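Please keep the structure open beside the text as you read.

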Amino acid sequence: MFDIKENLKKLPDKPGVYLHRDKLGHVIYVGKAVSLKNRVRQYFQSQTNMAPKVRAMVEHIEEFEYITTDSEMEALILECNLIKKYMPKYNVLLRDDKTYPYIKVTTGEDFPRVLKTRRVVGDGSRYFGPYSDVGAVNEIIDLLNSVYLLKRCSARSFPKDFRPCLNYHIEQCRGVCAGKVSKEEYALQIEKVLSFLKGQNQEMIETLTEHMQQESEALNFERAAEYRDKIEAVKAISEKQKVVLSSAGDMDLILSAKGQEGVYIVMFFVRGGKLCGRESYTMESELGEDRKTVVSSFIKQHYREDMLIPKEIALEEETEDMDLLSRWLSGLRGAQVRLFIPQKGDKHALMEMARRDVIEMMKVLDQRAASGRERSAKAARELDEIFGAAAAEEAKRLLASGAEAEIPQTATEREDRTWRIESYDISNTSGVDSVGVMVVFENGKPDRRSYRKFRIRTVDGPDDYASMQEVIYRRFRRAQKGDPGFERRPDLLFIDGGLGHVNAVKEVLSAMGEHIVTAGMVKDDRHRTRGLIVDGSEIDLKEYPVLFRYVTSIQDEVHRFAVDYHRGIRSRNMSRSVLDGIPGIGEQRKKALLAAFGSIEAIKQADVEQLAAVDGMNRKAAEEVNRYFRRGK
């Protein structure tokens, strides 16, 4: 048994991170300290001046552990990672797991493309964003491609006999692959693209107006109308941006607000001196921390290495670890990041405008939170009605078997009852590249950090039942071995499938001594959610309207996640399998060929001289590639 008093004596006077655990071993709080010895002891001293909610947390601490670091900066980084991993109950948590798109211009290529992406990587490209309006991003990209006739394919080099794609033939591309435009000419168009993305739209409007007049004078009124519509689109997109700073720059503004229904963070994005977006986030805190702590927690959980972190982040007031956060963010960005409180000038005026906007938003945020909470509570009650008694019974069986579990309470016994649901699906193409996935929903929302992927290892051919059994076995085997990534067991399992899938899963659970209620999500002839298979019978979800929408969202999400994973595996294997069958072509030469030609099709069309000219290739290897693709022709 863990002796708290004895272990307090062993705490080192060093920086590090500490983790508090409850009686079930769950991590309920993660914190950092300059001195672990001084900080952790504070929790177990006199509770006279301790906040009530902190006191409540301390009552649940059964043991603690710690990890020492060489500096407070290392402790901060470790704290961020552990909070994201464990999502502890008593930490302030960022529940909105949102990622926003950027517009990427691949300026590292000879003939750049304009793309949408949600990841920022150091590949020499230019990134603009983030944008909270995905539709606007798609609209901007389509407009730029259409106006400047940019290259849309991923190929980077083009052999002499390379055949242009459909975009060239329908006059939606300048024909880079056919040698119809020089690198210098194309670069001029990219400069115009970059200018537009920086907010300078006048040149594009003038170009489109000139084209519209030319088509009108030639009596091509349909083409003239198309240019007119593009002009209106440019103006509409530009109006979404409002100039707020006299000096161009990138900056995030972070404001916190406490409403009747919760605590929120509202973030404003300023890019190139223009306010280009605003987004709100819901924060969850069991301890009722002050605004400074909430903002600090948001910063630690929101910013990541694969994001475009601006050089300035404006706050309403100082946080305790402001300097440390600034240094940590600078490390993520690879350049200086300044956290500051605007005191005067246009940045102060912008912060005041944002603060007024947040005050106006409060009613909307509260209404949205109340509506979401009401839907979640209603769904929980409907889940209780269908599964409550069975889930409690299965949990009792699990406890009787010697495993650790919490016995679920029904909504009538506990008003804040939430259901943790795991959902599973299998995806393959006629049994090839078969994969399985697990998605998690809790309190009515997806918990994307808990999603898991599985490559099917033991099943040959299209056998969904056996594949599902493998996934379930591997998931709960990891839990039984104490893997922290799988330690939380669900209240319910939702399987994408009918009675056969449910029985296959129950067979594995029974053999492993796991007792969890399992239901199948069945679809109608139009592939839409119809009902749940429970204990061999189908429940018509039309009688449970809120639950019907909830189950539909779960089924759609697990199917999307499975299909996306399968497509990625299939795409990689398709390109891998062709080149891997060629003697003398290893991993490095394969990458070099794909980088040089852009696609398998282009490699097929290349001659020996073109293949031999690629870095890392020689004539013998080039002849092997050429011979391989010429066989049977």
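Of the 633 residues in the protein chain, 48% count as buried, where buried means under 20% relative accessible area, exposed means over 50%, and partly exposed lies in between (1.4 Å probe, protein chains only). This is a predicted model, in which local features need pLDDT of at least 70 and side-chain atom pairs count only at pLDDT 80 or more, while totals for chains, interfaces and linings use all residues. Residues are numbered from 1 along each chain as its sequence is written, and side-chain values use heavy atoms, with hydrogens and water left out.

The protein chain holds 19 helices and 21 strands; helices (H or I, at least four residues) and strands (E, at least two) are DSSP runs, numbered from the N terminus. Among contacts between residues at least 6 apart in sequence, 63% join residues at least 24 apart, a contact being heavy atoms within 4.5 Å.

**A three-stranded sheet**

An open sheet is formed by three strands in the order E2-E1-E3, with antiparallel pairing; two strands pair if DSSP finds at least two bridges between them. E2 and strand E3 (63–68) are at the edges with a single partner strand each, so one side of each has no neighbour in the sheet. On average, neighbouring strands of this sheet are turned by 20° against each other, direction ignored. Strand E1 (residues 16–21) pairs with E2 over six bridges in the antiparallel sense, and Leu-19 has Val-30 in E2 as its bridge partner. H4 packs on the sheet and touches E1, E2 and E3, its direction making about 165° with that of E2. For such angles, axes are lines fitted to C-alpha atoms, for helices over the stretch in contact, and angles run from 0 to 180 degrees between N-to-C directions.

**A pocket and a cavity**

On a 1 Å grid over the protein atoms alone, a cavity is a set of points where a 1.4 Å probe fits but cannot get out, and a pocket is an open set with protein on both sides within 12 Å along at least five of seven lines; lining residues have an atom within 4 Å of a point. Grid points are joined across faces, edges and corners, and a volume is the space filled by probe spheres set on the points.

The second largest pocket holds about 930 Å³ of space. It is lined by 31 residues, of which Tyr-29, Arg-39, Tyr-43, Thr-293 and Glu-320 are the closest to its centre. Strand E2 (27–33), helix H2 (36–42), helix H3 (52–58), helix H4 (72–86) and helix H10 (291–302) each supply at least two lining residues, and H10 gives the most, with six.

Which residues line the second largest cavity? They are Ile-254, Ser-256, Arg-291, Lys-292, Val-295, Leu-315, Glu-316 and Glu-317. This cavity has about 50 Å³ of space and is one of two cavities of 30 Å³ or more found in the whole structure. Strand E9 (251–258) and H10 each supply at least two residues of its lining, and H10 has the largest share, three residues.

Neither residue below is a glycine, yet each has a positive phi.
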